[in-house]
Amino acid sequence: MSVDSSLLQSIIDRSSDGPHVEKFQEIIETHTVEVLPFQEWRFEINSNDKLKLRLLKGTAEIFGTEVSPNIDLTLQGSLKSSISTFSGCTIKYWNCQPSSEYVGEESCIGSYLNLHLGLENLRINSQTGGPRVLIIGPKDSGKTSLSRVLVSYAEKMDRRPLLVNLSPRDSIFTMPGSLTATAISGMLNIENITLGETITTGPSFYHPKQPLVKCFGLENYRDNLKLYKYLIERLSDSVEKRLMASEDVRKAGIVIDTPAFHIGDFEVIQEIIDDFKVDVLVVIGNERLLVDLKRKLKYDSSKLKLLKVSKSSGCIDVDDKYKREMQQRAIKEYFYGMDNSQLSPYTIMVNLKEFIFMKPKELAALNMAFMSTDAVEDEANKTSAEIKYSDFMERVKIASSSNLENAILAIADDSDLEVGKYVTAVDDKEGNLELIKAIAGRSVLGYCYVLGCNDKEGKAKLLIPSPVQHLPTKTFILTQFRYHE
Amino acid sequence: MNSRPIIESLTSLALENTEAATDIAKAVEKRINKAIPSQKLYAFYLLDSICKNVGVPYPSLFGANIFKLFSQAYSLVDDPTRVKLIKLFRTWKIPNAVTGLSLFDEDQIELIDKFLIRATAANRPPEQQRQIDLSNSKATKSSLLREIDDLTNLVNSRILQMPDDSKGRERFQLLQKLRTILSQPSSIPQQQLDFTKKQLQSIREDELLRLNAFKQQQQPASKQMPQLSVNQLQGLLNLPSGNNNNFPSYQAPFGKPQQQPPNQLNNANAQALFSMMSSILNQDQKRQQQQPQFQVNNGEFNAKSSKSSSKDPSDNSNESSLGLTNLEFLKDILRKSKAGVKVPPMKGNAGIIRVNEKDPVHVKKNETPEVILTRFELNQNFINNHEPTEEEIALIYTIKDNQCSNCSKRFFSTPEDAKKKALHLDWHFRTNKKLKAMSKQIHNRSWFLSDQQWEQFQEDEIVGGNDNYDIGVGLNNRINEKPVLTEKEMNKKVVTIPDDAENEVICGICRDKLVGVFDDDSGEWIWRNAIKQRGRVYHYSCWIETKGQGDRDRSPERR
């Protein structure tokens, strides 16, 4: 157990090198772009590029977060984004040429602002708490963008809304594969693809955020709907308690971002509505979905308002490669931090035999969504009667390089368990069930990455975010995600 | 709909059926709650009529909820209706001649009073009419007239709030006179009109400044009209044709008092304004016949309102105290019009109005966000079709005009926010300093919180002036920390000294002595803070500390 000195060195090297390189490139050329009111400048950056930009005139925002006229923004790596403006603005950019850029004349910011002010009106008039907004929409329709806008606007009006991310593909504040709930008490970080940073021992330019992190461990929610729904339920429990305890958050309400649900998932949507007591459902970019939901969902129309907003013409279909890149960057940032606030992860050698590895099951439910709704309902009824923990996860019987190499592990909170007795009992069915029951729905303390695995010695070298003498827990959740340094 | 016969017949119904009073009261309340905003007033008139004409038991029945009813309705209706609601409310405050009590429960009345004071705390001129002016870009004298009407209304509503404001009254009358002059058929030189514009503009600004201190809801109503929900619009359209007096009632106070519909009950405020206007118009006619008389009239007006001397010089002093010279200017115009100067029709007024429209930092400061927000109903049509106006956009931008120089965070220009900003800048300063020194230090991502910790987490721990890295370090220590045992915990663990053992024994870990003591409770000799494991005795605290590694039972989280 030691600080990986080579890693540290490389970070120090990088941090001192970085600025020099930029200064050379800065001289090359600058461009300016003018954006008229209610329009937006859309741009894409290649993976190796670093775009710098500055607001010269007017006001501008990136997904609801205002761009400061006083500081240069640095946007790095592959990114598809846009800067929109209510007042009109002039932007200067340099350092690299975006792979594509144009001014889009249609922007949704007007209707987003209407939606926000409508929600703000509810916040003012509600005695019980702020609105709980669920955002549903097809793939690449701008769900995350809308949720960013809504929480950012609320934050601008001194609210502290709770941003709930139920899309395990996306990395919001932390690793992909997580379901999170985060109170937004400060500005989001536009430069960070995960919207902002979680708390570190070092300084960060923006106030960090403190998410509650549940590990789903799979990329596609449909791979294990049962675990997914269980996590949502547990997350909503915690959210409810948090709202009770924090008046500021309760008054601001919740914004829930989701994966690309379609109508076949209506029972999951129903569950989210019930669990989080959703009172505003916003369907983005698909009118048909709204109509179908109205028909299928059971809801009290006085308590749940269904709305639609149109998809931004700036929405682009992102391919899996782009998503992968985003995930890889999120993982990297988790351990190493951002360019301007770098972090030093630690490496630790562990004896594989002393630890328990659990893996979320991939249920053969890929076609579940296409099954007749009756069948889905049957399934739902069964699970609601009793929770089948065995469906959530399975024990990894032999942990070795074949299944651990480069894997991202979640450090599960097993503090209520006498783990000692489970460690060796790999095949104890009852014991494993108890394990799953204890860890499945709980928050994770952090993630680690398997740097290497020595099968002969039965040891693994892990990269962990923070120095510890001993890993805080003995149980890992082996996620589907792999990382390559 | 509003009609005296209906209200009267309903009132007599209520009188005849006092045994069903509870239900009737409920029905009326329900009607008030359910009615579309434009109709709420009429239901209130019914309530008022029942309470005043029938009396017991209705006032006490309604009295229980009257504050809620009134405040809710008030927040939903448009501006002219609000004025009428206030008037109605005033009548409730008048004590009954016989009993000496006010109509409703004192507490409720007081609540409404307070509510109204708060609700009327901001005032702003109606934008709507000026918008119309803008769209009819062809400039005429009428645009000036409208501006005057607009201002008159503004001043008038302020006078309603501050009945003691003699200067407001004076200004009101000045505006009336100005209007009279302008509405005379004789034309006025372009320069004069431009000058008038400027004067009006300065009046407006001054007025806005005044209202800043005495804010009010006036402006939302002007906006509310076009933003009615589909339902409401349909409701309005479905009204019987003879009864569509909502629109006139809305426009009347702003634009054309002359077109006031004859329905008396419908629009008391506009009616009042109308009668005032017409009386002045009458005077004006006299004046047209006999111009010199005006000077006298003028003095009279001032004498009445400000109780100051009727001489012109004192008028002037009054004006300068107002920071205005419009009276003098008024006289100037009078002289000119008396002289009968003829002038070509004017152009370019719209441009001036536009400036007026866009100008106002004042306007933005004047509106309370709550007021603007009341217009935002969360419905489909609105979200899709409403185009955010400048002051709505300002809610997330310029309303906080004090922007941090280090990031894009905005603050209000208030003392409280100045303090907040100072703290914020302080935080930037510390953070930037630490960021610079970053490469020399090693920092880590902290561990996430457990469910229970997160549920109890308060965001102020992050943004409340603390530096987050302290929290970060704290979070990590939580994991690294050896569980610290309290003395009580330690002493709870005792080992009874076996008969064959010495009183003193060496701890197997720290090599310190454990000394036996006599325990009164059990009546035996014991070692405190001790544990016996595999035949050896240890300090319990030492045992925990070393066993902490392998002993998962005591995970650090649980402390």
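Start by selecting residues 4-16 of chain B: this is helix α1, with 13 residues, reaching 18 Å from its first C-alpha to its last, close to the 18 Å expected at 1.5 Å a residue. (Helices here are DSSP runs of H or I, at least four residues, numbered from the N terminus; the expected span is 1.5 Å times one less than the number of residues.)

A quick word on what you're looking at: this is a predicted model, where local features need pLDDT of at least 70, side-chain atom pairs count only at pLDDT 80 or more, and totals for chains, interfaces and linings use all residues. Residues are numbered from 1 along each chain as its sequence is written, chains are lettered from A and ligands numbered from 1 in the order in which they are written, and side-chain values use heavy atoms, leaving out hydrogens and water.

Next, pick out Ile7(B), Thr11(B) and Ala14(B), which are buried (under 20% relative accessible area with a 1.4 Å probe, protein chains only; exposed means over 50%). They sit on the same side of α1(B) because they cover an arc of only 60° around the axis, taken from the directions from the helix axis to the C-beta atoms. Now show α2 (21-34), α3 (37-53) and α4 (58-63) of chain B, and you'll see what those buried residues pack against.

Hop over to chain A and select Lys143(A), in helix α3 (residues 143-156). Is Lys143(A) buried or exposed? Lys143(A) is buried, with a relative accessible area of 7%.

How values were computed
Helix = DSSP H or I, 4+ residues; strand = E, 2+ residues; numbered from the N terminus. Contact = heavy atoms within 4.5 Å.
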